[in-house]
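Open the model in your viewer and keep the selection panel at hand.

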Amino acid sequence: MRKLFLIACSESKLSYPARAVDLYQGQAFKLAVKSAFRADADILILSAQHGVVQPDQILEPYDCSLLRRSTSWRAEWAKTTAKQLSKYKDRPTTILAGKFYASAATGFSNKSTPLAGLGIGQQLSVLSKMSKGTNE
């Protein structure tokens, strides 16, 4: 069974419609995608606007972040997104997302959360190592 990487979207985006994997321009997102490719894993993107997004899905740029939403809005997003993720729960999964985005990944039987509890600088360091294959 192929490994799955769940990757949080980024606030920084292209200004025109593009495949989701190309739309998001944040440093952490790009390093997470490189990490998934290095691990020969499938990718799903966790989007504040759309929930679960396939990498090749064409998206319009948008301005939505879980960080700027209320606790109740985030809880509803996590509940809806968890339902979208339910068919993937048996796959070995690496979650490359902050706590708000990772909250949707409930019930996964075999998951790794290498970014859990880390600040952004530490997250970038871990992602950089993972993208080079020196840490997982």
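Rings of Phe, Tyr and Trp (its six-membered ring) count as a pair if their centres lie within 6.5 Å, and planes over 60 degrees apart make the pair edge-to-face. By this rule, this predicted model has three aromatic pairs.

Select Tyr 24 and Tyr 62. Their ring centres are 6.3 Å apart and the planes stand at 80°, so this pair is edge-to-face. Tyr 24 sits in the loop between helix 1 (20–23) and helix 2 (27–38), and Tyr 62 in the loop between strand 5 (58–59) and helix 3 (71–85), so the pair ties together parts 38 residues apart in sequence. Both Tyr 24 and Tyr 62 are buried.

Next, pick Trp 77 and Tyr 101. With ring centres 5.6 Å apart and planes at 80°, Trp 77 and Tyr 101 are edge-to-face. Trp 77 is in helix 3 and Tyr 101 in helix 4 (residues 99–102), so to speak a link between distant parts of the chain, 24 residues apart. Trp 77 is buried at 7% relative accessible area; Tyr 101 is buried at 10%.

Tyr 24, Phe 29 and Tyr 62 form one aromatic cluster.

Switch to cartoon view. You will find five helices and seven strands. From the N terminus, the order is β-β-α-α-β-β-β-α-β-α-β-α.

Finally, colour by charge. There are 19 positive and 10 negative side chains, and the centres of the two sets lie 6 Å apart. Buried residues make up 46% of the 136 in the chain.

Conventions. Residues numbered from 1 in each chain as written. Predicted model: local features only at pLDDT ≥ 70, side-chain atom pairs only at ≥ 80, totals over all residues. Heavy atoms only, no water. Helix = DSSP H or I, 4+ residues; strand = E, 2+ residues; numbered from the N terminus. Buried < 20%, exposed > 50% of the residue type's maximum accessible area, 1.4 Å probe, protein only. Lys, Arg positive; Asp, Glu negative; His and termini not counted. Charge placed at Lys NZ, Arg CZ, Asp CG, Glu CD. Phe/Tyr/Trp six-rings, centres within 6.5 Å; stacked < 30°, edge-to-face > 60°.
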